[in-house]
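Reader: I have a structure open and I'd like to go through a few residues. Can you help me read it?

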Amino acid sequence: MADENKKDGQDMSEDEKLAAEWEAAMEESGDGDSVGEDDWAAAMAEAGEDGGSDDDVRTAPMEEFTGSSGAQGAGAPDLDVILDIPVTISMEVGNTQIPIRNLLQLNQGSVIELDRLAGEPLDVLVNGTLIAHGEVVMVNEKFGIRLTDVISPGERIKRLQK
């Protein structure tokens, strides 16, 4: 069959080969939890979709954000809701790109040259977004960072739009 030839790796793109490998691995696992095409079509039909072309795609209705009716006033968002959400803050000394071959050859004592000069300020990132620059300090025998330049919110938005 043509499908058997495809599974053997003939006339298949890399994505198709990867999909075939995953399919074979799922069949070998024997979970019994895998959903067949008929089950998928039935679930889509039940949800009101026909599972056919993308021409029937509908956009979801969007509701206006009205904020809370607390002390902030009508229409103003209640920022207390997000103040306790944790974010990851990191300091970047510098970066570089090396081939995987060189990465695999690294061992104790190896030196990697970075794209920064000695004495240049570090980048302070929150969830991967640059928010400030700073310098390393010692605080009670631990490393800390003293912020020397904080990026304005307007500039941060401009950088996100690039």
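Author: Start with D123. Leaving aside neighbours within four places in sequence, D123 is in contact (heavy atoms within 4.5 Å) with S90, M91, E92, R116, L130, A132 and H133.

Reader: Before that, what kind of model is this?

Author: This is a predicted model, in which local features need pLDDT of at least 70 and side-chain atom pairs count only at pLDDT 80 or more, while totals for chains, interfaces and linings use all residues. Residues are numbered from 1 along each chain as its sequence is written, and side-chain values use heavy atoms, with hydrogens and water left out.

Reader: ok. Where is D123 placed?

Author: D123 is in strand β2, residues 122–126. Helices (H or I, at least four residues) and strands (E, at least two) are DSSP runs, numbered from the N terminus.

Reader: Is D123 buried or exposed?

Author: D123 is buried, because its relative accessible area is 12%. Buried means under 20% relative accessible area, exposed means over 50%, and partly exposed is in between, with a 1.4 Å probe and protein chains only.

Reader: Which side chains does the side chain of D123 make polar contacts with?

Author: One is the side chain of R116, at 2.4 Å. Another is the side chain of H133, at 3.0 Å. A polar contact is a pair of N or O atoms within 3.5 Å; within protein, one must be able to donate a hydrogen and the other to accept it, and residues adjacent in sequence count only if both atoms are side-chain atoms.

Reader: What else joins R116 and D123?

Author: R116 forms a salt bridge with D123, and the closest N and O atoms are 2.4 Å apart. A salt bridge is a side-chain nitrogen of Lys or Arg within 4 Å of a carboxyl oxygen of Asp or Glu. Side chains of opposite charge can pair when their charged atoms come close. R116 is partly exposed, with a relative accessible area of 22%.

Reader: How many salt bridges are there by that rule?

Author: The count comes to two. R146 and E135 also meet in a salt bridge through their side chains, at 2.9 Å from N to O. R146 lies in strand β4 (residues 142–150) and E135 in strand β3 (residues 129–139), so the pair ties together parts that are eleven residues apart in sequence.

Reader: How do the strands run, antiparallel or parallel?

Author: β2 and β3 run antiparallel and are joined by five bridges. β3 and β4 also run antiparallel, with eight bridges joining them. Two strands pair if DSSP finds at least two bridges between them.

Reader: Which residues stand opposite each other?

Author: H133 stands opposite D149 in β4, and V136 stands opposite I145 in β4.

Reader: What happens at the hairpins?

Author: The hairpin of β2 and β3 has two residues between the strands, and N127 takes a positive phi near 50° there. The hairpin of β3 and β4 has two residues between the strands, and there N140 takes a positive phi near 50°.

Reader: New topic. Where does P121 lie?

Author: P121 lies in the loop between α4 and β2. At 37% relative accessibility, P121 counts as partly exposed. Not counting residues up to four places away in sequence, P121 touches R116, H133, G134 and T148. P121 and D149 are 28 residues apart in sequence and 9.2 Å apart in space, C-alpha to C-alpha.

Reader: And L114, where is that found?

Author: L114 is found in the loop between α4 (100–104) and β2. L114 is partly exposed, with a relative accessible area of 34%.
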